[in-house]
Amino acid sequence: MSDIAGLKRTPLFDAHMQLGARMVDFAGWEMPIQYEGISAEHEAVRTSAGVFDVSHMGEVEFTGPGTLDYLQNLITNDVSSINDNQMLYTFMCYPDGGVVDDIIVYRRKDDSYMAIINASNIDKDIAWMREQAGPYDVDIKDRSDDLSLIALQGPNAHEILGELVDVDLNSISFFNFSEDVKCSGRPCMVSRSGYTGEDGFEICLSNDDAPFVWSKLIDAGADKGLKPCGLGARDTLRFEANLPLYGNELSASITPLEAGFGMFVKLDKGDFIGRDALVKQKEEGLTRKIVGFEMIENGIPRHGYDILSDGKVIGFVTTGYNSPTLKKNIGLAMVDVEHSALGSEIDVQIRRKILQAKVIKRRFYTKSYKK
Amino acid sequence: MEIKKGLYYTEENEWVRVEGNKAYIGITDYAQDALGDIVYIELPDVGDTLKAGDAFSVVESVKAASDVFLPVSGTVIEINEELEDSPELINEDPYGSWIIAVDLLDVTELDELMDAEAYEEFSSQEN
C-alpha cells in the first residue's frame with residue numbers, strides 16, 4: 001500500500017510511514033486516510049488535539065495594484081470587509097452561480113493577498129483565476145508546490161503550539177493570521193482556523209521545514225493527547241461541524257445559496273462573477289436546498305444515496321455518517337424545497353431498503369472556536 | 001495478522017468453520033483491520049437460501065460500506081444478532097464473531113476454498 005503508482009507525495013510522506021499510516025489516493029496525492037483509526041483520531045480532536053498533514057492543498061499569491069478589484073470580481077464574499085492579517089471564507093462561482101471552489105482568502109500587507117484552495121481543484125482554479133485576470137493589474141502565482149500546510153486542531157492545540165512559537169497565540173484570534181512567527185525556529189505563517197469545528201491553527205511553511213516542525217508538534221503533544229489524524233477523521237469532523245466539502249455539498253451544479261451558505265455571498269457588494277444568477281435565484285426562491293437529517297430506521301446514509309418521498313426521488317445524500325461524536329446516523333442531503341422543513345419525514349434508499357429519516361437542524365455539533 | 005488453523009478461507013477474506021453440515025461464516029482479521037472501526041452490520045434473514053458468491057451481509061466502517069460474500073451455498077439457519085447492537089465485536093474478535101451459519105447445500109464447494117496455509121500465502125502476496 002506504500003507504493004501507489006504516479007501519485008504525488010507531500011514532504012511529510014516519510015513521517016506518515018513511520019507513524020504507520022494507511023495511505024490512499026486522494027485527488028492524485030498519496031495521503032494518510034488514518035493512523036490508529038478514524039474514531040480514535042476523531043475523538044482526540046474533540047477532546048484533546050490532532051495534527052493533520054494538509055500539504056496537498058493549494059496556495060496562490062496575488063500581487064499588484066489591481067488585486068483588490070480583481071478579487072472582488074472573482075469571489076462572492078466582500079474582500080473589503082477584512083483588514084491586514086485577516087482571512088475570509090468565500091466561494092468562487094461560475095456565471096451560472098455554480099461553485100468553482102470554496103477558498104480562503106488571506107489579506108497580507110500592501111494590497112497583496114493569498115488564497116488556500118482545494119487540492120482536487122488546483123489546476124482548474126488556477127486556470128480559472130488566470131482567465132478572469134484580463135482587465136486587472138494583478139500577478140497570480142501558484143505556490144502549491146513550494147508550501148506545506150499542517151493543521152493542529154482541538155482544545156489542547158493552543159497549549160501545544162504555544163510551546164514552540166515565539167509569539168503569544170492569544171494575539172491571533174479566530175480567522176486571523178500572522179506571517180511573523182517562528183515555530184521551533186522555522187518561519188511560518190500561523191492562522192487560527194481549521195476544518196474541524198474546534199479551536200486550532202493552520203501552519204503554512206516551506207516544504208523544507210515541514211518535516212522538522214511536524215516532528216516537533218508530535219513531540220510537544222505527546223503528553224497532551226495529541227494524535228496524528230488522517231483524511232478520514234478530517235471528513236467526519238468537518239461534517240459534524242456543518243463545514244461543506246467541495247464535491248459533496250458544493251459543486252459546479254450546486255450554488256452557495258442551495259448549499260445554505262448565503263452568508264458568504266454578498267450580493268450588495270458590487271458586481272462579481274455569478275452575481276446575476278444568484279440574485280435571480282434568490283428572487284425566484286430556491287427549488288431545492290441542503291438539509292440535515294437523522295435516520296429513524298437503522299442504516300448509515302452515504303454520499304450519493306437517493307432521498308425519496310412516497311417512492312419518488314426528491315434528492316440525494318451529500319454526506320452521511322454514523323457520527324463518531326453523536327453516535328447517531330445522520331447526514332446532509334440536497335432535497336426539493338417542499339421537503340426541507342424541520343421535522344419533514346423523508347426516506348433514504350440504502351441498498352435494497354428504503355429507510356425512514358427526518359429533517360433536523362444542520363448544526364449537529366456546536367463549534368467551539370476561540371473568537 | 002492472525003490466521004486461524006482449521007478454517008476455510010476465501011480470497012475476499014471471509015472464513016468458514018464447518019461443524020457437520022453447518023457452516024459458520026465471518027470475516028478475517030485482515031478484513032476487519034482493513035475496514036477499520038465497524039459501526040454497523042446488515043444481516044440476512046433466517047431461511048434465506050443463497051448461492052456461493054452472493055453478498056449476504058454488509059459491514060460498515062466509519063468510512064464505507066463493504067459487502068460480505070458467501071463462500072458456500074446454503075440456507076441461513078442462524079444469524080448473530082449480538083452483532084447488530086455491538087458490531088465492534090468483529091474488530092475485537094474476528095474469528096469468534098461469526099456473522100451467520102448456513103446449512104450447506106453442497107459440501108464439495110468447500111474444496112474450492114483455501115486452508116490456513118494457503119490463505120497465509122495468499123495474504124502475504126495479495127493483501
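Two strands count as paired here if DSSP finds at least two bridges between them. With that in hand, enjoy these close-ups of a predicted model.

**Figure 1. The open sheet of chain B, strand by strand.** Chain B holds an open sheet of 6 strands, arranged in the order S1-S2-S3-S9-S8-S5 with antiparallel pairing. Strand S1 (8–9) and strand S5 (49–50) of chain B each have a single partner strand and stand at the edges, so one side of each has no neighbour in the sheet. Strands of a sheet pair through backbone hydrogen bonds, either parallel or antiparallel.

Figure 2. To find your place, look for Leu50(B), which stands opposite Gly74(B) in S8(B).

**Figure 3. Chain B as a whole, the setting for the two views above.** Its secondary structure comprises 4 helices and 9 strands. Read from the N terminus, the elements follow the pattern β-β-β-α-β-β-β-β-β-α-α-β-α. The C-alpha trace of chain B spans about 35 × 35 × 20 Å along its principal axes. How does the radius of gyration of chain B compare with that of a compact globule? A compact globule of 127 residues would have a value near 14 Å, and chain B has 13 Å, which agrees. Of the 127 residues in chain B, 38% are buried. Among contacts in chain B with a separation of 6 or more, 63% link residues 24 or more positions apart.

**Figure 4. A hairpin in chain A.** Strand S1 (residues 22–26) of chain A runs antiparallel to S2(A), and 5 bridges join the two. Phe26(A) has Trp29(A) in S2(A) as its bridge partner. The two strands, S1(A) and S2(A), form a hairpin with 2 residues between them. Strand S2 (residues 29–34) of chain A is mostly covered, with 5 of its 6 residues buried.

**Figure 5. Where domain 1 of chain A meets domain 2 of chain A.** Chain A is divided into domain 1 (13–55 + 146–240), domain 2 (58–142) and domain 3 (287–360). Between domain 1 and domain 2 of chain A, the C-alpha centres lie 24 Å apart. At their meeting place, 11 residues of domain 1 of chain A are in contact with 8 residues of domain 2 of chain A. Strand S10 (residues 177–183) of chain A gives the most to the domain 1 side, with 3 residues. By class, that side of domain 1 of chain A has 6 nonpolar, 4 polar and 1 charged residues.

Conventions
Residues are numbered from 1 along each chain as its sequence is written. Chains are lettered from A and ligands numbered from 1 in the order in which they are written. This is a predicted model: local features need pLDDT of at least 70, side-chain atom pairs count only at pLDDT 80 or more; totals for chains, interfaces and linings use all residues. A residue is buried if 20 or more other C-beta atoms lie within 10 Å of its own, exposed if 12 or fewer, and partly exposed in between; C-beta atoms are placed from the backbone. Domain bounds come from an automatic or database domain assignment. Two residues are in contact if their C-beta atoms, placed from the backbone, lie within 7 Å. Ala, Val, Leu, Ile, Met, Phe, Trp, Tyr, Cys and Pro count as nonpolar, Asp, Glu, Lys and Arg as charged, and the others, Gly among them, as polar. The radius of gyration is taken over C-alpha atoms; the globule rule is 2.2 Å times the number of residues to the power 0.38.
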